[in-house]
Amino acid sequence: MRAQLISRADLDFLLHDWLRVVELCDRERYAEHDRDTIDAVVDLAAQVATEHFAPHRKVSDTREPEFDGERVTLPDEVRAALKVLGDTGIVGAGLDERVGGMQLPAVVVQACFVWLHAGNVATAAYPMLTVAAANLLLTHGSSEQVQTWVRPMVEGRYFGTMCLSEPQAGSSLADVTARAEPRDDGTHRITGTKMWISGGEHELGENIVHLVLAKIPGGPAGVKGISLFVVPRVLENGERNDIALAGLNHKMGYRGTVNTVLNFGEGRATPGGEAGAVGYLVGEPHTGLAQMFHMMNEARVGVGAGATALGYAGYLLALDHARTRTQGRPAGAKDPASPQVPIVAHTDVRRMLLASKSYVEGALALNLYCGRLLDEERTAGTDAERRRAHLLLEVLTPVAKSWPSQWCLHANDLAIQIHGGYGYTRDHDVEQLYRDNRLNPIHEGTHGIQGLDLLGRKVVMQGGAGLTLLRETIGQTVERGRAVGGELAVHADAVAAAVDRVVEVTGIVHGQDDPALAVAHSSVYLEAVGHVVLAWIWLEQALAAEGRDGDLYEGKRAAARYFVRHELPRTGPQLDLLASLDRTTARRPRRLALTLLSRGTPGRTLRWPGRRGAAATPSACGSAG
């Protein structure tokens, strides 16, 4: 029997036993829903993922997008699956009823998309980006833009993209050079090149709505001069816009998500015979980056959810394999003629499975918790409650993106290990799942960028209010754990000590008033804080499972125990390193010594190019690799 994509029992536990999402239905926005409608839409997403997304996972991996000079072609199964999804209404499940959405809680929509990611993350990328684009326009666009572009997105007819990066700028958005020349009719003509644009060209729907960052001439320098534009592939009159596909990028994973280099304003004539892509300004000029962060933050949480789903699917495959693959005998078995046992009987296999379980189930809980915070931000009863939810979500977003991208990828690594020699063959899905997930530490802001965001901005914003709120929130869980007593009290004490240490070390690092030093250790900080957050999430799950009997709840207690005892202690040396103010990576030495071992020369020191008299040459440096 094929393993599940996601454990429905686990999902029900998180949605209903822990997060109590049905309580949201008492609020005006979600009043049309109840437990039955919530379960029905999650069931529908699971069905679409299992019957329409998962069956073509290997097809979309092996038959990559092709460009014949005129159009991009994808396997027919991708378009068919997206048509089915569009017909269900799940694409617009969380959007306003006024634009054709279902107006379901964000946490429920997140659960639906986890299923789709687990089925086929490459196909799920198209609607994920589309929903994020639609949400941005609902928040920042004009009523006309919403009617023109968002409604067809909700119906699954139009798709959306985000066009930020450029070949010379990468993630440094201050250096974008795309231009937007204003015209008398209120539009702008967009020129420039955008790189790494997922979903940038295809025939999967009627139109592609590109959200493009560009600079209006005469505006401020750097990021303060960036504006945001709707630049559709097809204009309202049916003509093609001046957007040309310059080429496709071929990646190690997500191969079914077409990834493009796009030239805006290459010379295709637009209405009036003028070159340049027609763009429609979103909001006020020079506010584009702040607007785009609305989509970027949603996409970051979505990337974390995708990473979780891939890790989760790999874990369930490994669990199924470990239960059915027989090999070896238990430790201490003396009779070589005795039957072999399933490899799940071996302690090291159980260790890897328990580690994977703690990663993927913890990450899923974090993903859904962030969805619940978004619901609180939108619908909580008081302004104070809404501001609190917004601030906590701001702090958790870099963790929700990067922690699953690192540790659920490790779960995929362990799934390959559990499969043994089978694991790295293409005959088994765990090989592809690992390749797909390896992209997520880079997608939507690298691990390093998220670390900079967390340490450099989120924990010190508003005078440290974000970190204070996180500590207070974790502290409430700690007090509940201590009140229960026993093992939960021990876990609570460990979590409390860890979060107190995070606060202390944050003060030490920022107390030096040395930005270069903070930058040097931001990724270490991100990883340490991520593990503390996940230990808190596991304490929350253990509390929700307290007093309940059954395999599900025993599994939760075992995973919580593993994470607090085996994973949380990782943060000790990391936080010690941060507190030591080590400057090893912050220094910029004028000379670097390279020791080469080649051609019988035991040690040869070369002076790095850049100083007069340097002995190294490009070829010599290259040979060192």
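In the predicted model, strand β6 (residues 207-215) pairs with β7 in the antiparallel sense, and seven bridges join the two strands. Within this pairing, F229 of β7 stands opposite V212. An antiparallel pairing over two bridges also links β7 to strand β10 (residues 277-281), where L281 is the bridge partner of F229.

Strand β7 (residues 226-232) is largely enclosed by the rest of the structure, because seven of its seven residues are buried. In a regular strand, side chains alternate between the two faces of the sheet. In β7, I226, L228, V230 and P232 point one way, whereas S227, F229 and V231 point the other way, and all are buried.

Two or more lining residues come from each of α6 (121-140), β3 (158-163), β5 (188-198), α8 (288-324), α12 (447-458) and α15 (515-520). By residue class, the lining of the largest pocket consists of 26 nonpolar, 16 polar and eight charged residues.

For the second largest pocket, the volume is about 920 Å³. This pocket is lined by 36 residues, of which N135, H294, E298, L374 and R378 are the closest to its centre. At least two lining residues are supplied by each of α5 (106-119), α6, α8, α9 (347-379) and α10 (383-419); α8 gives the most, with eight residues. The lining of the second largest pocket divides into 17 nonpolar, twelve polar and seven charged residues.

How values were computed
Residues are numbered from 1 along each chain as its sequence is written. This is a predicted model: local features need pLDDT of at least 70, side-chain atom pairs count only at pLDDT 80 or more; totals for chains, interfaces and linings use all residues. Side-chain values use heavy atoms; hydrogens and water are left out. Helices (H or I, at least four residues) and strands (E, at least two) are DSSP runs, numbered from the N terminus. Ala, Val, Leu, Ile, Met, Phe, Trp, Tyr, Cys and Pro count as nonpolar, Asp, Glu, Lys and Arg as charged, and the others, Gly among them, as polar. On a 1 Å grid over the protein atoms alone, a cavity is a set of points where a 1.4 Å probe fits but cannot get out, and a pocket is an open set with protein on both sides within 12 Å along at least five of seven lines; lining residues have an atom within 4 Å of a point. Grid points are joined across faces, edges and corners, and a volume is the space filled by probe spheres set on the points. Buried means under 20% relative accessible area, exposed over 50%, partly exposed in between (1.4 Å probe, protein chains only). Two strands pair if DSSP finds at least two bridges between them.
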